[in-house]
Amino acid sequence: MAWFRAASGVARLAIRKNLAQAPHHIARTRTSALLHPPTRGFHSTVLRSKAESAAPIPRAVPLSRLTDSFLDGTSSVYLEELQRAWEADPNSVDESWDNFFRNFVGQAATSPGISGQTIQESMRLLLLVRAYQVNGHMKAKLDPLGLEERQTPDDLDLGFHGFTEADLDREFFLGVWRMAGFLSENRPVQTLRGILNRLEQAYCGPIGYEYMHIADREKCNWLRDKIETVKPREYNRERREVILDRLIWSTQFENFLATKWTAAKRFGLEGGETLIPGMKEMFDRAADMGVETIVIGMSHRGRLNVLGNVVRKPLRQIFSEFSGGTKPVDGENGLYTGTGDVKYHLGTSYDRPTRGGKRIHLSLVANPSHLEAVDPVVIGKTRAKQYYSNDTERTKNLGVLIHGDGSFAGQGVVYETLHLSALPNYTTGGTIHIVVNNQVAFTTDPRSGRSSQYCTDVAKALDAPIFHVNGDDMEAVVHVCELAAEWRQTFHSDVVVDIVCYRRFGHNEIDEPSFTQPTMYQVIRNHPSALEIYQNKLLESEQVSKEDIERIQNKVNSILNEEFINSKDYVPRRRDWLSAYWTGFKSPEQISRIRNTGVKPEILKRVGRAITTLPENFKPHRAVKKIFEQRAQMIETGEGIDWAVGEALAFATLIAEGNHVRLSGQDVERGTFSHRHSVLHDQNTGEKYCPLDHILMDQNEELFTVSNSSLSEFAVLGFELGYSMENPNSLLLWEAQFGDFANGAQVMFDQFLSSGESKWLRQTGLVVLLPHGYDGQGPEHSSGRLERFLQMSDDNPYIIPEMEPTLRKQIQECNWQVVNVTTPANYFHVLRRQIHREFRKPLIVMAPKNLLRHKDCKSHLSEFDDLEGHPGFGKQGTRFKRLIKDQNDHKEVEEGINRLILCSGKVYYELDEGRKKKDCKDVAICRIEQLCPFPYDLMQRELKRYPNAEIVWCQEEPMNMGAYNYIAPRLYTAMRALGRGTFDDIKYVGRAPSAATATGFMSVHMQEQAELVQKAMQQGPISYPY
């Protein structure tokens, strides 16, 4: 392969030069410049005499051992010159070249009819073969509508390579190369006509293969063996009847929906019906090769057909959804229905039998209208399945993604997801990508939707083979789908199937496509369906009769009608989101008891020593060594435990309890702010050591996983979200490099994390860490956009929910939790709380930056344990504190306090320091650690404690950002219930409204920060708003 990539430039020029004087009897179709981008430039080789040449003399290589790289771009010209010199005088070339030419001509001469074959002809023949392997897809008959006009590349023409019609029946010696297919040793001598026929059959039929960009010879040879077969693929009668049955199901399903619900949007598969039999055959082949579970992701086009025919969602349920949706069963405990979603976004799972007699578990992940957003979710869920099933070879669990042509080329998350495929902590051993190529994206033609030849060209960055197939050729679709399954199970890497089809109707069934594609839809209106084409093919072959076809059609129609009748009485009987791992977990309607999250002191000491002890022969950086020595001291004395140790203790104690912990994101191993150091590097050997991998004896290497990710937010967050959905008994965390960068994954927050449970009944306990805090680093490194997460929270600001601890369901009924924690101990408890409860909710953490090393941001080890009555109990208790009261020793009622400052996050420490400097004994400061859902009960406790206090909300963010607009109405609701004043009695201290999150000038930042602290501590009443 390497030689062809080089020879395609320089050697082609050499051939043109040699052919300039030869007559061409075969006409060529010249290709436009658009189809042939400029070839890569190479340095030309200037021939010099032996005395002048400084180039090394090539060594003698037996013909049977020649490799691709032997014929690179420069040596092809050099070789021609050498052969001419050798023919004139064998003694004029080096002895090694004399041996080479004698060897080649000797082998050629032993075969009849090819004695006149020259080395140049051999090279040209090899280039012709390789041209088909590289560009044959450009001549393939891929468009079922016949509308695509593609000019045949020059190098697929005989005349381009110096051959004429007179050469067609000449026999040629192809050589004995270490290659498969036409360059194998099976038939070294063939006629040019025979070679061309096989090339046309293999590369220019209904399938176009792109694989020559792959740098691995073994992979290319494997594909050549599959592609360049002597006999065309054939299926027996029984197999064809199975394929026909599946195609009839695919077609009749869409026809049935169109008949019963003529005006409903369903985003049908008409024009691409062969996808369904292709997927089924792919899954059958995958099951035969060891796959046990398949996770599927796709957008709405054809989704209902896949749900009904591939994943086997009950047809009566699908029909019920068309008739208005499902209804909860009266009196059934815990049947949470949420807000629901449109029918073509929903998912399901099912165990289905395969043609080979096995069973395979299929799950289709729910997906919003953001077409490719589900891609990384599927990959993450697949990786999780591999972990929990101990599928270390990654052969039992497979991810399959179904794309649209416009979205595959146009949406960046596709590229981000593709680039996770080979990363050690993200790989799933290959994903099968199927593109349902409508040749139009909504109303946009390909020429306006992409710059590349194919919509699949982005996959070439991965060295993934791409199989383009005519969607009207049923058996060709089946063939490439099976081939894709075989590739994935053999090479454990991605593969792409591009089904070139069409969309019989518009973007949806009530859309008019002729407004924008009139020519295409004139052809489509008269174009037979794939089923008609395949039925006629089978009838012509006499393998299937009309009676057979009618029997299958009657069976399918009978089942569809029966399911339609049953759909009228269909009601859901159980919660669909409960899989085996989730059994026993509570829905938002069921009360879940509150658990303590403290840990026994002896366990804290034991795991604390494990996370601070390094091997004796390990040589960390001296600064890191000092950090770990200080951490060991913290554990021994119990004093001064900082943020990183608090986090490590949370991870270690969860691991000791048998829970899986996984942390990923950009630079998380060390931590953006060089605080975590979860992976250490030996300064002499480069060897890595992760203390959290050594909590248990013989600990599974993936039980704790910390991994630096690619520089992606969208795909990596989606991956971790998918991973978290598989098993609730795991702590999954994604950390943004800075909180600001989370907006690169906004689709994930909006469509999945904030609303996934409500729409699709899918719980997740994913933790998102967003470094947040104003310390003068400018507008892109200050804010985790706290306000966005609070604004998406679904708790009612004017209704106080049930707050009695034994009856409280506040967190369960809210879509997620948002916290801005200020102590290592409270961070420890909020992380452990994610696991030690009977339900799962996403947790958004405004993670600190300068608090990581702040002198006052420390906790005592006693604040982490489960004992009551010890010194740390009064400060922390044995669980997460949603609100931290003033740290001065205030009584239950303090009438002498004139101002109650409420705040969240690191601004507390600046306010506390300002209070000490001014000796403001009449000011109380409370920290709201859990912003959402709002802690009404604790807030009212503090309002009662300070009956005469002016109520102030203080934040360092601008007024239009931060928590102010979320806190104010809820604080007013708490005050109103106590008869404590009006909305205007809530005073604001913070920055003025701003377009940017923060100033870029350090001096301005310092001034703003000082002013807000000064204002919060001023003597007189605070005017509102200023």
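Student: Which residue in β18 is the bridge partner of V818?

Tutor: I844 is the partner of V818 in β18. Strands count as paired if DSSP finds at least two bridges between them. Here β17 (residues 817-819) and β18 (residues 843-847) pair in the parallel sense, over three bridges. Note that this is a predicted model, where local features need pLDDT of at least 70 and side-chain atom pairs pLDDT 80 or more, while totals for chains, interfaces and linings use all residues. Residues are numbered from 1 along each chain as its sequence is written, and side-chain values use heavy atoms, with hydrogens and water left out.

Student: How many helices and strands does the protein have?

Tutor: There are 33 helices and 24 strands. Both are DSSP runs, numbered from the N terminus: helices are H or I with at least four residues, strands are E with at least two.

Student: What is the strand order in the open sheet of seven strands?

Tutor: The order is β14-β11-β15-β16-β18-β17-β22, and the pairing is mixed. β14 (704-708) and β22 (930-932) are the edge strands; each has a single partner, so one side of each lacks a neighbour in the sheet. From one strand to the next, the twist averages 20 degrees. Helix α22 (residues 643-656) packs on this sheet and touches β11, β14, β15 and β16. The direction of α22 makes about 140 degrees with that of β11. Contact here means heavy atoms within 4.5 Å. Axes are lines fitted to C-alpha atoms, for helices over the stretch in contact, and angles between N-to-C directions run from 0 to 180 degrees.

Student: Which strands form the open sheet of five?

Tutor: Read the order as β19-β21-β20-β23-β24, again with mixed pairing. The edges are β19 (883-884) and β24 (986-991), each pairing on one side only. β23 (residues 950-958) and β24 are parallel partners over five bridges. P958 has R991 in β24 as its bridge partner. Helix α33 (residues 1002-1016) lies across β20 (899-903), β23 and β24, and runs at about 160 degrees to β24.

Student: Is β24 buried or exposed?

Tutor: β24 is mostly covered, with six of its six residues buried. Buried means under 20% relative accessible area, exposed over 50%, and partly exposed in between (1.4 Å probe, protein chains only). The chain reaches β24 from β23 through helix α32 (residues 964-977), in a right-handed β-α-β crossover. The test: with the strands pointing away from the viewer, the path from the first strand over the helix to the second runs clockwise.

Student: What covers the buried residues of α23?

Tutor: Start with the count. In α23 (residues 714-724), 11 of its 11 residues are buried. Among them are F714, L717, F719, E720 and Y723. The cover includes α12 (375-388), α14 (412-418), β11 (660-665), β15 (730-735), α24 (746-753) and β16 (767-771). Across the protein, buried residues make up 59% of the 1026 residues.

Student: At what angle do α20 and α21 pack?

Tutor: Two packed helices are described by the angle between their axes and the distance between the axes. For α20 (residues 601-612) and α21 (residues 622-637), the angle is about 170 degrees and the axes are 9 Å apart. That makes α20 roughly antiparallel to α21. The classes are under 35 degrees for roughly parallel, over 145 for roughly antiparallel, 65 to 115 for roughly perpendicular, and oblique for the rest.

Student: Which residues of α20 meet α21?

Tutor: K605, G608, R609, I611 and T612 do; their counterparts in α21 are F628, R631, A632, I635, E636 and T637.

Student: Where should I look for backbone exceptions?

Tutor: Most residues other than glycine have a negative phi, and most peptide bonds are trans. N390, not a glycine, has a positive phi of about 55 degrees. N390 sits in the loop between α12 and β7 (397-404), and counts as exposed at 55% relative accessibility. D698 has a positive phi of about 50 degrees. D698 is in the loop between β13 (688-689) and β14, and is exposed at 77%. A cis peptide bond joins C932 and P933, with omega about -5 degrees. P933 belongs to the loop between β22 and α31 (936-945).
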